[in-house]
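Trainee: I would like to learn how to read a model like this one. Please take me through it feature by feature.

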Amino acid sequence: MRRQFYHIKLGRVKDFLIPLQKICYKIFVDNKKFRRIIYSMNRQRQFYVDSQTNKIWETLSESYPRLIRFNPPKIKLCNRLYRTAGKCYQEENLIHLANKFFVNNSAEMFRTILPHEIAHQADFVLFGESEKKCGHGLQWQKIMVQLGLPANKYHSMTL
Ligand SMILES: [Zn+2]
């Protein structure tokens, strides 16, 4: 009697466990697929951002020949940037762009935010003005005009 009872119980556990195992496996596989898609998306985005950066730097070099001596800034697509769409670390020649903003505002990121941050870097290497002292000073504004962009400090994007 006892054995039979045990058997039934074990059967029930199996009934429960096997579908659960299947669900877990499906989630695992889907997650892997999902991660692969995200990975290739990020790589593609990084590629476009880098080529765009080189283009902007070249365009600026026509107006400011001294820029040729400097490397264009490295762009990092940052997942931990929430409050600002972009940040320029001028001493490190590094720009962080918020990966999140690309989801709904990809065009805006390429058209406005990336040139805005590159203008900060160009401003720094050409005129030595740091973001903290005079981030959006006269020279920075001139660089923005050279890029054919309004010299706005802020953007109007929503996440
Ligand atoms: Zn700025």
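The dialogue below goes from the overall fold to single residues.

Mentor: Two notes to begin with. This is a predicted model, in which local features need pLDDT of at least 70 and side-chain atom pairs count only at pLDDT 80 or more, while totals for chains, interfaces and linings use all residues. Residues are numbered from 1 along each chain as its sequence is written.

Trainee: Which elements make up the secondary structure of the protein chain?

Mentor: Helices (H or I, at least four residues) and strands (E, at least two) are DSSP runs, numbered from the N terminus. The protein chain has four helices and three strands, in the order α-β-β-β-α-α-α from the N terminus.

Trainee: How many residues does the largest nonpolar core have?

Mentor: In general, nonpolar side chains tend to be buried together in soluble globular proteins. A residue is buried if 20 or more other C-beta atoms lie within 10 Å of its own, exposed if 12 or fewer, and partly exposed in between, with C-beta atoms placed from the backbone. A nonpolar core is a set of buried Ala, Val, Leu, Ile, Met, Phe, Trp, Tyr and Cys residues joined through C-beta atoms within 7 Å. Here the largest such core has 20 residues, and A85, L97, M109, A119, A122 and I143 have the most contacts inside it. At least two residues come from each of α1 (2-63), β3, α2 and α4; α2 gives the most, with eight. Across the protein chain, 21% of the 159 residues are buried.

Trainee: At what angle do the axes of α2 and α4 cross?

Mentor: Axes are lines fitted to C-alpha atoms, for helices over the stretch in contact, and angles run from 0 to 180 degrees between N-to-C directions. The axes of α2 (residues 101-127) and α4 (residues 138-146) cross at roughly 125 degrees and come within 9 Å. That makes α2 oblique to α4, since angles under 35 degrees count as roughly parallel, over 145 as roughly antiparallel, 65 to 115 as roughly perpendicular and the rest as oblique.

Trainee: Which residues in α2 and α4 meet?

Mentor: Two residues are in contact if their C-beta atoms, placed from the backbone, lie within 7 Å. A119, H120, A122, D123 and F127 in α2 meet Q139, W140, I143 and M144 in α4.

Trainee: What is the phi of N93?

Mentor: Most residues other than glycine have a negative phi. N93 is not a glycine, yet its phi is positive, about 55 degrees. N93 sits in the loop between β2 (86-89) and β3 (94-98) and is partly exposed, with 15 other C-beta atoms within 10 Å.
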